[in-house]
Amino acid sequence: MDGCVGNPWWTGFAPGGLPGDGIDRVQHGPVVMMRREPATSLLLNLESGYSLPPLSVVAMKLVEMASDEMASVSDLARLIERDPSLAVRLLRLANSAFFCPGRPVATLRQAILRIGLDRLRIMGLSLSLRDAFPMGKIGAIDYEEFWRSSLYRALLAESLAAFMGGSDPEEAFVAGLVLEIGFLIFYDLFVKGEYSGDGLHIYPLAPLLSWERQEYGIDHRQVGEAALRYWRFPGGIVECQGFPGRETLHGEESTLGSICHVAGQFAALICQKAGDLPSTFLQAESCLGLDRDTVGGILVTTFQRVEEIAQSLKLEVDREKDIIELMEKANRALSRLSERLSAGQGSAPEGRLPSFGSLQGGEEQKALIADTLQAVAHEIRNPLMAVGGFAKRLASIVDPDSKGGKYVQVILEEAERLEQVLGRMTEKAVPGARTPRQTT
């Protein structure tokens, strides 16, 4: 297994029955012992390293040295050389699009200077943390899916932080990458061997956290917070574990926590089967105040970078496949909007839109019908423009002859058709009203 030497840290757990079955087991092992402990005692034990996966000794020493003003670049390079895998990946990272390189670097010393000490510290920790867990599908957990969604979340958080300001983009990247790390630890400590379902997934997050607290008196975000403290991650990253649903360390919702939350929603949209594209755009607007064009641009930038960064974390990412799946969600959203438009048009013969003059009743009733049609148009236009605008941006980075490129064109054509229908409907509702500007 990647990054594991000898017996993996999750072995030796006592077998169990279904969660919450109330059986008082006599076996010894982390699962049973931890199930019996109060949540506060459990968190204290986790913060002292109890049953947590060990990180690379070199990475842990790297954290100390990168924080030491007396440590030289040459000292750091000699330390990193002791872990060939870490050395190769840091060199690759320094030459990747993540740092917008000009001239390629060929030595660890050059890589350290380009990455910077703060970035080196948190990136070294992140690479080591990724290596502490297995890959593939084991039991109810698909580790490949977990890390793929974590990488998308990290890249999205980094871009959101860079656009908004107030949070360090590199710190946001790491915060997004490790946001749900407690899920893997929680599964191995509590659920492994007991869960009999098809598979456990992070999203939707709120029901999962609620189930964890109900069955075990603690949730994976609390476990993640304790683990990150033990691994000495920066305080701002640790605080993100408390958003949303719990107060942060300072009793406020941090900007970094909000950024990671929104990034997580879009990562789920990309990586999970379910999800609604327009509502996720709306959430970014309500939570961060970002308009749909900005969010669409950030999504496109993420797709441009994800495959190269995935190599540094030893992950396989198929960008075109992910784009196609996202476009399928966009297509479903357009289908729902089309149904709403059809309902708003009424039952005109041969599918024609009703004219204002054909509406029955007095002026007051006509005004009511006109207002209703305008309200329907308003509720449809925002999600329609979100889908169409994003598809237009996406068209600039995909090969038009590829399957993904052809799918994007289908979305663009359907969005334009619905925009035209919407424009005609509002014209009929209010004579003389201008057709709104086209989305595409």
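Okay, F186: at 1% relative accessible area this residue is buried, where buried means under 20%, exposed means over 50%, and partly exposed is what lies in between, using a 1.4 Å probe and protein chains only. F190 also counts as buried, at 1% relative accessibility. Bear in mind that this is a predicted model, so local features need pLDDT of at least 70, side-chain atom pairs count only at pLDDT 80 or more, and totals for chains, interfaces and linings use all residues. Residues are numbered from 1 along each chain as its sequence is written, and side-chain values use heavy atoms, with hydrogens and water left out.

So, back to those two phenylalanines. F186 and F190 sit in helix α10, four residues apart, about one turn of the helix. Helices here are DSSP runs of H or I with at least four residues, strands are runs of E with at least two, and both are numbered from the N terminus. What are the ring centres and planes of F186 and F190 doing? The centres are 4.7 Å apart and the planes are at 50°, so we call the pair tilted. Rings of Phe, Tyr and Trp (its six-membered ring) pair if their centres lie within 6.5 Å; planes under 30 degrees apart are stacked, over 60 edge-to-face, and the rest tilted.

There are 10 aromatic pairs in the structure. Take F146 with F183: that one is stacked, 6.3 Å centre to centre, with 15° between the planes. This pair links distant parts of the chain, since F146 is in helix α8 (residues 143–164) and F183 is in helix α10 (residues 181–191), 37 residues apart. Both F146 and F183 are buried. They also belong to one aromatic cluster, together with F133 and W147.

Now, over to a helix pair. Helix α14 (residues 255–271) packs on helix α15 (residues 277–288) at about 175°, axes 10 Å apart. The axes are lines fitted to C-alpha atoms, for helices over the stretch in contact, and angles run from 0 to 180 degrees between N-to-C directions. That makes the two roughly antiparallel, the word for angles over 145 degrees. Who touches whom? On the α14 side, the residues include I259, V262, F266 and L269, and on the α15 side, L277, F281, A284 and L288 are among them; contact means heavy atoms within 4.5 Å.

Last bit, the whole protein. We have 19 helices and two strands, and buried residues make up 53% of the 440 residues.

Terms used
Angles under 35 degrees count as roughly parallel, over 145 as roughly antiparallel, 65 to 115 as roughly perpendicular and the rest as oblique.
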